[in-house]
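Please look through the structure below with these numbered remarks beside you.

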Amino acid sequence: MDSTVIVAAVSCLGTVIGSMFGVIASSNKTIYRIEQLEKKVEKHNGMVERMIEAEDKIKSHQYQINDLKERIDHI
């Protein structure tokens, strides 16, 4: 074989292998980032649920306060 063909084949093989490793590394990094974002979303959703519960409790307490005020006004 001609030496230029061998060099071209080796260069092509090196390029393909390098590209594959680059794609795999990039894919792993993307998967890691997505997992981290999913964790943040789960935390956010948990906070939203807690805020809804807190708002409901506040409403309930406000009704109780208003009832107590009405009882005091009638006394």
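1. On the surface, a patch of negative charge brings together Glu-49, Glu-53, Glu-55 and Asp-56. Asp and Glu count as negative and Lys and Arg as positive, while His and the chain ends are not counted; the place of a charge is taken as CG of Asp, CD of Glu, NZ of Lys or CZ of Arg. Patches are built from residues with over 30% relative accessible area and no salt bridge, joining like charges within 9 Å and nonpolar side chains (Val, Leu, Ile, Met, Phe, Trp, Tyr) within 5 Å. A salt bridge here is a side-chain nitrogen of Lys or Arg within 4 Å of a carboxyl oxygen of Asp or Glu.

2. Please keep in mind that this is a predicted model, in which local features need pLDDT of at least 70 and side-chain atom pairs count only at pLDDT 80 or more, whereas totals for chains, interfaces and linings use all residues. Residues are numbered from 1 along each chain as its sequence is written, and side-chain values use heavy atoms, with hydrogens and water left out.

3. Is Glu-49 buried or exposed? Glu-49 counts as exposed because its relative accessibility is 52%, where exposed means over 50% relative accessible area, buried under 20% and partly exposed in between (1.4 Å probe, protein chains only). Glu-49 is placed in helix H1, helices being DSSP runs of H or I with at least four residues, and strands runs of E with at least two, numbered from the N terminus. Between the C-alpha atoms of Glu-49 and Ser-11, which are 38 residues apart along the chain, the separation is 57 Å.

4. Leu-13 belongs to helix H1, which covers residues 3–74, and Leu-13 counts as exposed because its relative accessibility is 51%.

5. Ile-6 lies in helix H1 and is partly exposed, with a relative accessible area of 42%. From Ile-6 to Ile-65, 59 residues apart in sequence, the C-alpha to C-alpha distance is 88 Å.

Conventions. Accessible areas come from the Shrake-Rupley method with a 1.4 Å probe; for residues, only the protein chains shown count as cover.
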